[in-house]
Amino acid sequence: MLILGSGPAGLSAAIYGARAGMEPIVVQGLEPGGQLTTTTEVENYPGFADIIQGPWLMEQMQKQAENCGARMMWDSIVDVDLSQRPFRMTGDGGDEYIGDVLIIATGAQARWLNIESEAALRGKGLSACATCDGFFFRGKKIAVVGGGNTAVEEALYLTNHSDDVTLIHRRDELRAEKVLQDRLFANPNITVLWNKTVDKFVGGGDPEGLVAIDLKDTQTGEISQIPAEGGFIAIGHDPATALFKGHLELDEDNYIKVETGSTRTSVPGVFACGDVMDKVYRQAVTAAGTGCMAALDAEKFLAENEIEAELETA
């Protein structure tokens, strides 16, 4: 079993695959451990009464996978051949990896604004996941940046934690579905600021965290400031699927398509799990769950193919 990606999905697949005797090889990619390695406090992963650190959680998952028998490879894949089994992947140093089944767990990255003031405040008031971090901003002033479905959904969700949520949008109308817009406009705890872009995230306090956001009017160029202790960037995600274009069926947003209720892709023997195929939930625990599913689907696939091979030679 080849597994590409080492976040909660890939490592869960490795644990189940190793226990099933499929000798999983995990190629860890450019960001070993996935997005959780950039997350400081994790409070919503089941099994831990106290807040834990994201990097520590991924370190424990990796150790568990290795203890079960999975092999970790520090490499980044630059080419894949899915035209026939066994499948082949080539690392950037030229090493070749061969597997009877392939599990893709390359994840997705949240889009950020990429302005200078943003990087220093990530994890210090700035987040790209309301369901992950909204709890930490109970009763505080919160701002959401974006105008699509994700931004509106996150603004609505955040009203569970705050009665002062501001949605910042660069245009004068939202791109979100009308039913979501209706809910947004009907919510008294949400204020919408139109024709505004973020000019700067302002830090302060001890320890330093987000305290305000400087906004630029897209029509007049005027700069204004709003207080904010929590800022959520909700302008979409980019799944890490560039490597598989032309090899696997992708949806309109470039997520890998899987059969409903499974992790099977358009190529038999190739499975996808975690955020690379899930654009709805995007949680560590759901990624881990689909990683388990992928390993079980792969085990079933290999068993069925062994039976077919035996029948053909009988």
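Residues are classed here as nonpolar (Ala, Val, Leu, Ile, Met, Phe, Trp, Tyr, Cys and Pro), charged (Asp, Glu, Lys and Arg) or polar (the others, Gly among them). The model is predicted, and local features need pLDDT of at least 70, side-chain atom pairs count only at pLDDT 80 or more, and totals for chains, interfaces and linings use all residues. Residues are numbered from 1 along each chain as its sequence is written, and side-chain values use heavy atoms, with hydrogens and water left out.

By this classification, the lining of the second largest pocket consists of five nonpolar, four polar and four charged residues. A pocket is an open set of points, on a 1 Å grid over the protein atoms alone, where a 1.4 Å probe fits, with protein on both sides within 12 Å along at least five of seven lines; lining residues have an atom within 4 Å of a point. Grid points are joined across faces, edges and corners, and a volume is the space filled by probe spheres set on the points. The second largest pocket holds about 240 Å³ of space. Its lining comprises 13 residues, and those nearest the centre are Leu113, Val145, Gly146, Arg170 and Ile235. Strand β15 (residues 196-204) gives the most to this lining, namely three residues. Strands (E, at least two residues) and helices (H or I, at least four residues) are DSSP runs, numbered from the N terminus.

Strands β6, β7 and β8 form an open sheet in the order β6-β7-β8, with antiparallel pairing; two strands pair if DSSP finds at least two bridges between them. β6 (77-81) and β8 (96-99) are the edge strands, each with a single partner strand, so one side of each has no neighbour in the sheet. On average, neighbouring strands of this sheet are turned by 20° against each other, direction ignored. β6 and strand β7 (residues 87-91) run antiparallel and are joined by four bridges. Aspartate 79 has threonine 90 in β7 as its bridge partner, and aspartate 81 stands opposite arginine 88 in β7. The hairpin that joins β6 to β7 passes through five residues. Proline 86 lies in the loop between these two strands, β6 and β7, and is joined to arginine 85 by a cis peptide bond with omega of about 0°.

Proline 207 is placed in the loop between β15 and β16 (209-217).

A further open sheet has five strands in the order β11-β18-β12-β13-β14, and the pairing is parallel. β11 (126-127) and β14 (190-193) are its edge strands, each pairing on one side only. Four bridges link strand β13 (residues 165-168) to β14 in the parallel sense. Valine 165 stands opposite isoleucine 190 in β14.

Helix α1 (residues 8-19) packs against helix α2 (residues 54-68) at an angle of about 20°, and their axes are 8 Å apart. α1 is therefore roughly parallel to α2, a term applied to angles under 35 degrees. Axes are lines fitted to C-alpha atoms, for helices over the stretch in contact, and angles run from 0 to 180 degrees between N-to-C directions. The crossing of α1 and α2 is left-handed, that is, the near helix is turned anticlockwise from the far one by less than a right angle. In the loop between α1 and β2 (25-27) lies glutamate 23. Glutamate 23 has a positive phi of about 50°, although it is not a glycine.

Methods
Parallel < 35°, antiparallel > 145°, perpendicular 65-115°, else oblique.
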